[in-house]
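Let's walk through this model together, starting with the overall picture and then moving in to single residues. Keep the 3D view open as you read.

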Amino acid sequence: MKKAISLAAIALSSSVGLAATYQFNWTAGQNIVNNSAGTFDSITATYDSSTQRFVWDVVFSNQITQGYTLAVNNGPNPKGIAGELALIHFDASTSLNSPKVTVYAYNGQNVINSWSDGNANVNGNQTPDLIKSANDTSWINSATVTDAAGKRRFLLDVNVATINGHNPLYPGGAGDWTGVQFDQMIGLWFHTFKGLSTGYGSNGQLTGWNFNTQGWFDGSNIQTVQIVPLPAAAWTGLAGLACVGVIARKRRAANK
């Protein structure tokens with residue numbers, strides 16, 4: 001049995017070197033937020049660095065939020081970082097049952113205009129860097145808004161591989177495009193909207209993002225939790241080792 005335990009330890013230690021899933025858990029009161037467009041209740045986010053699956057699950061303790069924009073990275077506040085991050089636009093202004101999701105390269109400005117001005121460092125509006133239009137749902141596993149018990153939940157479950165592999169029209173100074181991902185730390189530029197009114201072109205691109213009230217949660221270098229799941233093959237191997245250990249022990253007992 002000692003041998004089985006030793007091999008199990010080896011299998012576990014070898015899994016540590018594999019790509020991990022990182023989780024961000026937040027509850028009300030942990031950070032300064034602006035609740036003007038919906039009172040933040042909780043956020044649970046995960047990012048799998050192997051599959052590049054990204055989940056953003058936010059609950060508001062009231063039912064007034066109609067949409068949000070979100071940029072994340074692995075530490076600093078995304079605000080002011082141009083040409084490196086994607087900006088997700090989640091729009092439930094028309095129907096909670098049929099939200100629309102678009103993604104643009106974030107131009108780094110502290111305003112919601114990346115959809116209309118791709119490069120704010122140049123005078124006038126430059127061609128926006130559209131990554132995912134509302135017509136493209138191939139990368140979306142789930143995008144839902146549900147009301148229950150006086151609360152409103154926005155759930156976005158997506159594969160961001162193509163976003164993370166995007167070649168930006170206006171690269172940042174360091175040329176370090178990361179898209180949508182985080183690891184041991186998370187930085188977020190998360191804005192919520194009430195009185196939201198939007199428009200879309202024939203190709204699913206945004207033609208308008210107007211609102212009456214805006215809330216926000218801006219954060220930097222917030223600690224996350226690293227989850228390193230043991231691969232299925234390793235669990236199968238450990239089960240087999242356990243069985244071998246039990247059989248060997250029974251045989252020793254029978255021979256006594």
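Strands (E, at least two residues) and helices (H or I, at least four) are DSSP runs, numbered from the N terminus. What you're looking at is a predicted model, where local features need pLDDT of at least 70 and side-chain atom pairs count only at pLDDT 80 or more, while totals for chains, interfaces and linings use all residues. Residues are numbered from 1 along each chain as its sequence is written, and side-chain values use heavy atoms, with hydrogens and water left out.

The chain has 14 strands and 3 helices, and of its 256 residues, 43% are buried. Contact here means heavy atoms within 4.5 Å. If you take contacts between residues at least 6 apart in sequence, 67% of them join residues at least 24 apart.

Now find the open sheet. Six strands make it up, in the order E8-E9-E3-E2-E1-E14, with antiparallel pairing. Two strands are said to pair if DSSP finds at least two bridges between them. At the edges sit strand E8 (140-148) and E14, each pairing on one side only. On average, neighbouring strands of this sheet are turned by 10° against each other, direction ignored; the axes behind that angle are lines fitted to C-alpha atoms, for helices over the stretch in contact, and angles run from 0 to 180 degrees between N-to-C directions. Within the sheet, E2 and strand E3 (residues 53-60) pair in the antiparallel sense over 7 bridges, and Ala45 stands opposite Trp56 in E3.

Rings of Phe, Tyr and Trp (its six-membered ring) pair if their centres lie within 6.5 Å; planes under 30 degrees apart count as stacked, over 60 as edge-to-face and the rest as tilted. How many aromatic pairs does that rule give? The count comes to 18. One of them is Trp26 with Phe40, an edge-to-face pair at 6.3 Å centre to centre and 85° between the planes. This pair links distant parts of the chain, with Trp26 in strand E1 (residues 21-27) and Phe40 in strand E2 (residues 40-48), 14 residues apart. Trp26 and Phe40 are both buried. Phe54 and Trp56, on the other hand, are stacked, at 6.1 Å centre to centre and 15° between the planes. Phe54 counts as buried because its relative accessible area is 0%, and Trp56 is buried at 0% too.

Next, head over to strand E10 (residues 185-194), which is mostly covered: 8 of its 10 residues are buried. Strand E4 (residues 67-73) pairs with E10 in the antiparallel sense over 7 bridges, and strand E13 (residues 213-223) pairs with E10, also antiparallel, over 9 bridges. Click on Thr192, which lies in E10. Is Thr192 buried or exposed? Thr192 counts as buried because its relative accessibility is 0%. Tyr68 stands opposite Thr192. Leaving aside neighbours within four places in sequence, the contacts of Thr192 include Phe40, Phe60, Tyr68 and Trp216.

Finally, the charges. A salt bridge is a side-chain nitrogen of Lys or Arg within 4 Å of a carboxyl oxygen of Asp or Glu, and the whole structure holds 6 of them. In one, Lys79 meets Asp218, with the closest N and O atoms 3.8 Å apart. That pair links distant parts of the chain: Lys79 sits in the loop between E4 and strand E5 (86-91), and Asp218 in strand E13, 139 residues apart. Lys79 is partly exposed, with a relative accessible area of 36%. Another salt bridge joins Asp147 and Arg152, whose closest N and O atoms are 2.8 Å apart. Here Asp147 is partly exposed at 34% relative accessible area, whereas Arg152 is buried at 8%.

Terms used. Buried < 20%, exposed > 50% of the residue type's maximum accessible area, 1.4 Å probe, protein only.
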